[in-house]
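Biologist: I would like a close look at one part of this model, the interface, with enough background to judge it. Please take me through it step by step.

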Amino acid sequence: MKILRVMRGFIRQGIQVKTTYGMAYAMRLVNVFVKMVAFYVLWSVLYESAPGAFPVSQVEMVTYGAVSVMLGEFIQWWDGPHFYIITQIRRGTITSDLVRPVYFPFQVFSRCLGESLAEFITVVFPAALVAYLVLPISLPATLTQGLYFALSLVQSYLILFGLNCLVGFIGFYTLSLRGIQHAYHGLIMLLSGAWVPLWFFPSWLRQVAEILPFRGLFFTPLSIYIGELQGQSIAGTLLSQTIWIVILLLGVGLAWRVVHSRLVVQGG
Amino acid sequence: MRNLRHYWRFVRIGFASQAQYGVDFFIGAFGVVLLNLVDLVLLGVLLQRFTAIGGWNIWEIVFLFSFYLAAMGLQNIFTVHLGQIEAYVQDGTLDQFLVRPSSPLIQLMGREINHGNITHVVTGVAGIVVAYGRLGLHWTFAEGVLAVVLLVCGALVLVGLVLGLCSLAFWTIRSREFLYGTLQIQEVVQHYPVHIFGRWFQVLVTGVLPFAFINYYPTLVLLGRTGEAMHPLLPWLSPLAGVLVLLGGIAVWKLGLSRYQSTGS
């Protein structure tokens with residue numbers, strides 16, 4: 001119950017932060033929408049040039065592109081936990097996080113989840129609403145498919161949290177994450193299916209992507225959303241996401257114990 | 001002249017401060033190469049399936065995208081610190097630049113040199129050279145010079161855009177959304193010939209947010225495809241666009257600076 005109260009605080013705070021500056025907020029809405037349109041147009045053009053190359057229908061493909069933009073906006077693969085952690089480290093304000101009687105990774109999680117939800121409510125939802133009205137993109141075919149999608153999305157969020165935290169912890173050693181973030185975002189961009197779905201990959205690259213956790217971030221939920229994954233195969237994919245969550249969260253727990261014991265506070 | 005000398009000073013200091021973070025300093029260069037490779041691999045994956053996009057074959061697209069990478073790298077090396085204008089305006093620390101006897105803009109830009117972006121330029125130029133070979137192009141010396149001029153002007157368009165967008169912080173306090181949002185859209189778009197996105201989009205990226213002058217129009221000129229633009233003379237305006245957008249960016253900055261009232265602390 002306490003977590004819900006904390007979360008509500010973070011969500012309210014997030015919404016205020018995002019909507020305080022009116023012009024900036026309006027611009028965000030427009031940006032997200034334009035990005036969705038850009039991906040929609042891109043996939044339409046590609047689809048019409050070679051329909052045979054796609055294992056899915058045109059509507060499914062443009063939906064994949066547009067929903068991928070929506071997910072990318074609020075699951076925080078760009079400025080999530082790792083960004084928060086390195087900012088706190090660099091400012092030295094991480095000390096105030098550490099004196100709170102709440103497990104640090106959990107603090108980061110509730111703060112970032114609150115921000116994500118605020119982002120969803122204030123930006124993604126309105127932009128998506130317009131997109132659904134204007135663009136020919138579809139909802140999940142059935143309610144069950146929609147529920148599986150929701151489940152895989154929750155799991156995707158947890159995988160990303162684990163990865164982001166581990167990357168953020170590197171900052172305790174390097175005190176700067178700029179370069180590491182480039183490499184990390186590159187890996188996600190390539191292997192998650194955020195931009196190009198895995199079914200276009202040459203088989204060696206696809207095999208690499210299948211082994212790693214990144215595909216669980218975008219490709220898994222999106223494939224379920226558009227119905228490319230159905231029935232039996234959903235269970236297996238969801239399970240592989242769950243396994244990664246367990247591995248990554250255990251990793252976060254272990255890494256935090258190591259990192260915490262040798263923390264150096266810069267400035268402060 | 002004095003500004004240049006100051007700039008050089010600032011840059012040296014900034015470089016030394018960045019080199020403090022040794023590990024990240026080196027991973028930085030590696031990370032950028034990786035990020036570019038990822039982009040090119042994904043583009044390659046797409047083009048292996050779709051031999052042409054909007055009537056352009058793989059090497060024409062590589063040329064287009066590499067041109068963008070090189071221009072963007074050039075711009076980013078020197079202006080990465082402009083993204084901090086927002087933060088300086090918010091907490092009033094912009095004051096420190098105003099009390100020193102040197103141009104505030106020069107001080108700002110000199111704060112940080114983004115060495116990692118040299119790799120963007122190198123990757124971009126390499127891409128252009130490879131595409132040049134594959135497309136069987138034969139430029140005269142004058143055309144080679146033209147390519148360099150267009151590249152620099154493409155970078156200037158970006159500098160002007162970034163400066164203008166960041167300076168909006170003087171009015172809106174927050175400018176991050178304007179900058180990153182615009183750059184994100186740009187990143188999606190610069191991989192492909194603009195005309196695939198349709199007429200209204202071409203007008204948008206020509207007149208409102210002139211991305212098209214960074215790589216699309218220069219590429220049309222250099223590949224001899226000017227007929228594909230909305231008007232065949234439009235691509236030739238790229239150098240002019242570079243100067244105009246830069247002046248526009250500086251004008252927005254000056255206007256913003258003139259109404260800056262420190263939050264004081």
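Modeller: Happy to! Let's begin with confidence: chain A has a mean pLDDT of 88, with 98% of its residues at 70 or more, where pLDDT is the predictor's confidence in each residue, from 0 to 100. This is a predicted model, in which local features need pLDDT of at least 70, side-chain atom pairs count only at pLDDT 80 or more, and totals for chains, interfaces and linings use all residues; side-chain values use heavy atoms, leaving out hydrogens and water. Residues are numbered from 1 along each chain as its sequence is written, while chains are lettered from A and ligands numbered from 1 in the order in which they are written.

Within chain A, helix α1 (residues 2-20) has the lowest confidence, a mean of 78, and helix α10 (residues 219-226) the highest, at 95. Where pLDDT is low, the predicted coordinates should not be read in detail. Chain B averages 85, and 96% of its residues score at least 70. For the model, ipTM is 0.75 and pTM is 0.83.

Now to the interface. Counting heavy atoms within 4.5 Å as contact, 45 residues of chain A and 38 residues of chain B take part. Together the two chains bury about 3800 Å², 76% of it on carbon and sulfur atoms; this is the accessible area (1.4 Å probe) lost on putting the two parts together, summed over both.

The rule finds zero salt bridges between chain B and chain A, a salt bridge being a side-chain nitrogen of Lys or Arg within 4 Å of a carboxyl oxygen of Asp or Glu. One residue pair across the interface is in polar contact, both at pLDDT 80 or more. That term asks for N or O atoms within 3.5 Å; within protein, one must be able to donate a hydrogen and the other to accept it, and residues adjacent in sequence count only if both atoms are side-chain atoms.

On the side of chain B that touches chain A, α2 (22-49), β1 (52-53) and α10 (176-189) of chain B each supply at least two residues. The largest share, 18 residues, comes from α2(B). Helices (H or I, at least four residues) and strands (E, at least two) are DSSP runs, numbered from the N terminus. By type, this side of chain B holds 24 nonpolar, eight polar and six charged residues; nonpolar covers Ala, Val, Leu, Ile, Met, Phe, Trp, Tyr, Cys and Pro, charged covers Asp, Glu, Lys and Arg, and the others, Gly among them, are polar.
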